[in-house]
Amino acid sequence: MARERSKTLVEPEKTSYRPVRVIGVLLILEVIGLVLLGGYEFLQVDWRGINLRSPQHQAVEVAVFALFVPSAVLTLLSALSFLFLHRRGWLLAAIAQGLSLAVCLWLYSLFQPGYVYPIMAYCILMILYLNSQDVRMVFRPGQSQRASHEN
């Protein structure tokens with residue numbers, strides 16, 4: 001009876017790396033989504049008909065979309081860090097999500113494009129997931145030393 005009870009209890013030393021790997025995949029999906037959205041916006045502009053003295057509103061939006069490049073690079077680096085279980089991945093992901101949210105809010109205040117809503121929602125959900133207990137347990141101080149001794 002005592003043996004069965006001890007099997008059902010979760011050992012406090014064991015942590016699951018599955019949520020961290022899921023975040024890595026979700027961050028890679030975010031980068032893919034940003035690249036696809038940027039490509040779509042780029043293809044929507046008639047680049048031959050642009051007058052440089054009075055640029056079209058759409059061309060300015062595409063040029064401003066380049067502000068997502070730093071956050072996409074940070075997101076990709078954080079995704080790779082999450083997949084390889086490096087501690088700096090959490091901080092990179094938090095900075096990248098904050099930067100993406102800042103760019104979205106700035107774009108919304110100037111142009112009000114429709115694509116900022118899903119990006120903002122995704123970033124907010126990622127920030128909430130980054131701060132979940134399962135993910136934070138993996139990156140707490142001293143966790144990397146225990147994981148290296150177990151392997």
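Helices here are DSSP runs (H or I, at least four residues), and strands are runs of E of at least two, numbered from the N terminus. The model is a predicted one, in which local features need pLDDT of at least 70 and side-chain atom pairs count only at pLDDT 80 or more, while totals for chains, interfaces and linings use all residues. Residues are numbered from 1 along each chain as its sequence is written, and side-chain values use heavy atoms, with hydrogens and water left out.

Which residues of H6 are buried? They are Val-116, Ile-119, Met-120, Cys-123, Met-126 and Leu-130, where buried means under 20% relative accessible area and exposed over 50%, with partly exposed in between (1.4 Å probe, protein chains only). These residues cover an arc of only 130° around the axis, which puts them on the same side of H6; the arc is that of the directions from the helix axis to the C-beta atoms. An α-helix has 3.6 residues a turn, so residues three or four places apart point the same way. The face turned away from the buried side of H6 carries the exposed Leu-125 and Leu-128.

The buried residues of H6 pack against H2, H4 (68–83), H5 (88–110) and H7 (133–138), with contact meaning heavy atoms within 4.5 Å. Overall, the protein chain has eight helices and zero strands, and 34% of its 151 residues count as buried.
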